[in-house]
Amino acid sequence: MKISRIEHIGIAVKSIEESLPYFENVLGLKCYNIETVEDQKVRTAFLKVGEVKLELLEPTCPESTIAKFIENNGGKGGMHHMAFNVEDGVANALAEVEAAGLRLIDKAPRKGAECLNIAFLHPKSTAAVLTELCEQPK
Ligand code: ZN
């Protein structure tokens, strides 16, 4: 696969409203978009750091994987995943990593926040870093 850049870094937070003052007032970053991704049971807030984005992820219900992540981290959030932009498409990249014997969370690309096509690889196969592959929709 051809990775061109880090698309974003995902950070789990208990509350976007409680977390934003740190990112905006202390780090001086600007939140430019907040949206809910229903099928992932999260509300997301995006901030830009140059070319890279930070994606704050807030659970919308206790069954959200982000709620479970926070629970497993002693009730605190923190770094959750790294997202890479793949130039030659998420579907191609998935076929490649599956052929290499890696564990996938998503067998096929799906819609993520900001309309990106995304897929997650399992951290058991990715040096323990939950990895998201992304591409801009065609
Ligand atoms: Zn993400």
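User: Hi! Is Ser64 buried or exposed?
Analyst: Ser64 is buried, with a relative accessible area of 0%. Buried here means under 20% relative accessible area, exposed means over 50%, and partly exposed is in between, with a 1.4 Å probe and protein chains only. This is a predicted model, where local features need pLDDT of at least 70 and side-chain atom pairs count only at pLDDT 80 or more, while totals for chains, interfaces and linings use all residues. Residues are numbered from 1 along each chain as its sequence is written, and side-chain values use heavy atoms, leaving out hydrogens and water.

User: Thanks. Where is Ser64 found, and what does Ser64 touch?
Analyst: Ser64 is found in the loop between E4 and H2. Not counting residues up to four places away in sequence, Ser64 touches Gln40, Lys41, Val42 and Pro59. Contact means heavy atoms within 4.5 Å. The helices (H or I, at least four residues) and strands (E, at least two) are DSSP runs numbered from the N terminus.

User: Which residue in E4 is the bridge partner of Val42?
Analyst: That is Pro59. E3 and E4 run antiparallel and are joined by 8 bridges; Thr44 has Leu57 in E4 as its bridge partner. Two strands count as paired if DSSP finds at least two bridges between them.

User: And what about Lys41, which phi does it take?
Analyst: Lys41 takes a positive phi near 55° in the hairpin of E2 and E3, which has 4 residues between the strands. Gly50 takes a positive phi near 60° in the hairpin of E3 and E4, which has 2 residues between the strands.

User: Zooming out, in what order do the strands sit in the sheet?
Analyst: The order is E2-E3-E4-E1-E5-E8-E7-E6, an open sheet of 8 strands with mixed pairing. Strand E2 (31–37) and strand E6 (110–111) are the edge strands, each pairing on one side only. E2 pairs with E3 in the antiparallel sense over 6 bridges, and E1 pairs with E4 in the parallel sense over 5 bridges. In that region, Ile9 stands opposite Leu54 in E4.

User: How many of E4's residues are buried?
Analyst: 7 of its 8, making E4 mostly covered.

User: Which residues touch the most other members in the largest nonpolar core?
Analyst: Ile11, Ile16, Leu20, Phe23, Leu47, Leu54 and Leu56 do, in a core of 13 residues. Strand E1 (3–12), helix H1 (16–26), E3 and E4 each supply at least two residues of this core, and the largest share, 3 residues, comes from H1. A nonpolar core is a set of buried Ala, Val, Leu, Ile, Met, Phe, Trp, Tyr and Cys residues joined through side-chain atoms within 4.5 Å. A second, separate core of 9 residues includes Val86, Ala93, Val97 and Leu133.

User: New topic: how much space lies in the largest pocket?
Analyst: About 430 Å³. There are 25 lining residues, and the closest to the pocket's centre are Thr65, His80, His81, Phe120 and Leu130. On a 1 Å grid over the protein atoms alone, a pocket is an open set of points where a 1.4 Å probe fits, with protein on both sides within 12 Å along at least five of seven lines; lining residues have an atom within 4 Å of a point. The volume is the space filled by probe spheres set on the points, which are joined across faces, edges and corners.

User: How does the lining divide by residue type?
Analyst: Into 15 nonpolar, 7 polar and 3 charged residues.

Definitions and conventions: Nonpolar A, V, L, I, M, F, W, Y, C, P; charged D, E, K, R; others polar.
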